[in-house]
Amino acid sequence: MTERGARPHVAALRAKIAEIEGGDRRARSVLPFGIEVIDSKLPGGGLALGALHEVAGGAQGATDGAAAALFAAGIVGRISGSILWCMTQADLFAPAIAQAGLDPDRVIYVEARDETALLSCFEEGLRHGGLGGVVAEVARLSMTASRRLQLAAESTGTIGIAVRRWRRSAEASDLGQPTAAATRWRVTAVPSELLPVPGVGRHRWFVELIRCRAGESADFLVEACDATGCLALPADLADRSAASQAWAERAAS
Amino acid sequence: MLTAANAAARAIGLHAGMAATQAQALVPDLLIMDADLEADRQALERLAIWSLRRYAPIIALDPPDGLMLDITGADHAHGGAMGVLRDILKRLAEVETAGRAVCAPAYGAAHALARYGADPFRVVDPLELADAIGDLPLAALRLDRATIMSLSKLGLETIADLEAMPRASLALRFGSKPGQRLDQAYGRASEPFEPIAAPERIEVERRFAEPIGAPETLARYTHKLVDQLCQQLEEAGVGARRLDLRFHRVDNGIEAIRAGLARPSRDRKQMGRLLCDRIETVDPGFGVERMLLAAPAVEPLRFRTISNLGDVPVPDVAALVDILGNRVGEERLYRYAARESDIPERSVTRIAPMADPTLLRWPERWPRPARLFARPEPIDTMALLPDHPPVHFIWRGIRRRVKRADGPERIYGEWHMSEAEWLSVRDYFLLEDETGARYWVFRQGDGMDSATGGQGWFLHGLFG
């Protein structure tokens with residue numbers, strides 16, 4: 001970095017690249033997870049708002065997309081404004097979305113006939129600018145399509161989350177294909193917290209940050225979204241967090 | 001002569017066209033009233049104007065007892081042609097009127113099937129058209145009585161019989177009418193209509209000296225018409241809830257676009273965009289000589305104060321709802337709201353995307369699955385009765401061993417909804433297998449008494 005002054009050509013080039021990328025077209029704002037370990041891995045200290053993010057489910061979640069949908073709901077639940085949720089299969093159970101911190105009055109669902117219509121609704125929502133965020137359950141996401149979505153998100157500063165959900169688990173290898181999304185996550189349900197009594201504790205996810213533009217990949221073991229959409233780090237049985245304490249009481253009662 | 005007979009009258013042997021004296025002989029205390037043809041016609045017209053607001057942009061009267069609705073391009077709001085017909089019949093039944101509704105590719109066919117078809121409610125697609133109308137009697141063809149009489153003397157009974165006749169000799173003997181009606185029934189010839197217009201409607205039109213056809217030109221004039229319409233709306237102090245754009249083609253055909261708005265509006269840009277989005281669906285044929293834009297449904301529009309202090313005003317979400325609604329269909333755009341029911345599939349209802357905020361919320365005490373199957377899937381389980389969770393279960397051919405479980409959560413049938421649910425019970429369990437996947441399963445019944453359910457196990461949803 002100290003060399004930058006000494007090499008004016010390189011500095012000029014960097015400035016030009018930044019200009020082409022349009023990074024500072026508007027002040028980049030981010031949405032932190034509120035967990036230091038995760039936020040430190042993301043450039044800017046959180047999820048970029050005017051950008052496209054991909055979330056896929058791991059293992060069985062690749063086809064049901066349950067954990068991925070809750071992860072997305074927890075993110076957009078912490079942003080103000082209406083949320084547009086585009087899907088092709090209407091099997092989402094609204095009470096669970098409410099439990100992940102997204103109020104039902106804020107979400108407008110669109111049930112598209114096919115993937116093409118779904119992507120056009122997704123893009124329309126991102127271009128509109130009056131929404132807090134757009135979530136879409138997509139199977140195939142090509143480079144071209146994702147770039148359009150990314151540009152639409154950049155132009156309005158609306159966050160776009162593509163919940164990747166495939167019809168067959170064999171198609172899940174599609175996640176290896178490159179897209180223009182800023183980050184790519186994989187959320188896998190793992191055994192829940194151990195309780196001193198029989199029962200299922202607070203749900204846990206293994207969250208992998210597979211790809212992150214201008215950042216490195218990482219993975220975390222977290223507790224699933226609470227009613228405010230916040231994730232939590234699992235604590236040992238001895239000094240558990242307040243939220244998981246409440247969960248244990250509920251399970252024990 | 002009797003002019004009309006409803007189901008009750010037909011049951012006692014009366015039918016339309018019967019002589020009044022004969023009817024009186026059959027039913028001694030029959031009350032006879034003079035038919036008021038003029039009042040009937042007016043009622044039909046009122047029905048037509050009501051349908052114009054609700055169903056389709058092009059509606060013509062078909063006296064004495066019919067209405068012709070051209071639902072092309074307007075049926076998506078009700079979920080297809082089937083939805084439109086169902087809605088019409090349901091609403092007619094609510095005012096105790098029996099109706100027959102048929103949707104067919106050609107008006108002649110729809111006319112014939114609605115009056116002479118066996119089915120009072122039917123959607124005929126183009127491929128089965130010939131089969132559907134072939135068996136109908138000749139009377140269905142809208143020919144005059146003398147022609148039908150002499151055709152039946154020749155042994156022709158059904159439309160298919162007439163269709164099989166050589167056309168030239170038919171025309172020589174009976175004139176061009178039978179051939180023309182046949183063509184209209186089979187959809188080979190078009191039929192001009194004079195659509196009705198609601199008296200107080202706000203509409204603007206533009207006639208062209210030279211027919212236009214290019215989509216760009218159509219779009220340009222659409223914008224001009226929208227401008228004019230907005231002016232009229234502004235003078236009337238109202239906003240449009242629905243827009244009908246009709247294209248009258250030089251060959252007498254009419255193409256139409258219908259667009260709905262979630263909130264009353266007179267925003268030129270938004271309206272222009274909604275209509276132009278669908279211009280590609282319009283087939284201009286040999287050219288369009290007249291364009292007509294109307295607002296059949298309007299609502300008062302009040303001014304709103306917009307505070308500009310601090311934040312930049314954000315665009316209204318209603319505009320987005322309109323765009324998406326016109327693209328995927330209004331019924332595919334909704335919000336979920338809570339309903340007071342413990343049965344999972346009944347606890348959620350769909351409401352309009354721009355409906356007022358709801359107050360009711362789902363109880364948060366028990367975790368709910370992120371995905372709920374429309375149809376619970378049966379699973380094979382091994383479980384201790386009456387109230388233990390399964391030890392393992394087989395779903396979609398894979399055996400899953402349960403490591404942890406929560407439950408049971410007992411949900412009772414809603415006896416006030418149906419008699420069959422008087423005793424029924426479901427016991428829900430949250431199961432977690434060794435990989436960490438979490439399932440929502442239930443047992444139909446309480447595990448003891450077979451009156452409460454069949455004791456089978458089902459997978460109802462998946463947790464994240």
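1. Helices are DSSP runs of H or I with at least four residues, strands are DSSP runs of E with at least two, and both are numbered from the N terminus. With that in hand, start at a loop of chain B, the one between β13 (390-395) and β14 (398-412), where B:Arg396 has its place. The phi of B:Arg396 is positive, near 50°, and this residue is not a glycine. Most residues other than glycine have a negative phi. Is B:Arg396 buried or exposed? B:Arg396 is exposed, because 9 other C-beta atoms lie within 10 Å and a residue with 12 or fewer counts as exposed.

2. A word on confidence. This is a predicted model. Its scores are ipTM 0.82 and pTM 0.67. For chain B the average pLDDT is 83, and 96% of the residues score at least 70. Where pLDDT is low, the predicted coordinates should not be read in detail.

3. B:Asn252 sits in the loop between β6 and β7 (254-265) of chain B. B:Asn252 is not a glycine, yet its phi is positive, about 75°. How many other C-beta atoms lie within 10 Å of B:Asn252? There are 12, so B:Asn252 is exposed.

4. Next, a helix. α4 of chain B runs over residues 80-94, 15 residues in total. From first C-alpha to last, α4(B) reaches 21 Å, close to the 21 Å expected at 1.5 Å a residue. B:Val84, B:Leu85 and B:Ile88 are buried in α4(B). Why do these three lie on the same side of α4(B)? They cover an arc of only 95° around the axis, which puts them there.

5. Now the strands of chain B. β8(B) covers residues 288-300 and pairs with β5(B), residues 202-212. The sense is antiparallel, over seven bridges. B:Glu203 has its bridge partner in β8(B), namely B:Ala294.

6. β8(B) has another pairing. β6(B), residues 238-249, pairs with β8(B) in the antiparallel sense over ten bridges. Which residue of β8(B) is the bridge partner of B:Phe247? That partner is B:Met291. As background, in a regular strand the side chains alternate between the two faces of the sheet.

7. Then the contact between the chains. Chain A brings 44 residues to the contact and chain B brings 46. On the side of chain A that touches chain B, five elements of chain A supply at least two residues each: α4 (66-77), α5 (94-99), β5 (107-111), α6 (115-128) and β8 (183-190). α6(A) gives the most, with six residues. By type, the residues of this side of chain A are 27 nonpolar, eleven polar and six charged.

8. One last point joins the strands to the contact between the chains. β5(A) pairs with β9(B), residues 333-338, in the antiparallel sense over two bridges. Here A:Val110 has B:Leu333 of β9(B) as its bridge partner.

Notes. Residues are numbered from 1 along each chain as its sequence is written. Chains are lettered from A and ligands numbered from 1 in the order in which they are written. This is a predicted model: local features need pLDDT of at least 70, side-chain atom pairs count only at pLDDT 80 or more; totals for chains, interfaces and linings use all residues. The expected span of a helix is 1.5 Å times one less than its number of residues. A residue is buried if 20 or more other C-beta atoms lie within 10 Å of its own, exposed if 12 or fewer, and partly exposed in between; C-beta atoms are placed from the backbone. The arc is that of the directions from the helix axis to the C-beta atoms. Two strands pair if DSSP finds at least two bridges between them. Two residues are in contact if their C-beta atoms, placed from the backbone, lie within 7 Å. Ala, Val, Leu, Ile, Met, Phe, Trp, Tyr, Cys and Pro count as nonpolar, Asp, Glu, Lys and Arg as charged, and the others, Gly among them, as polar. pLDDT is the predictor's confidence in each residue, from 0 to 100.
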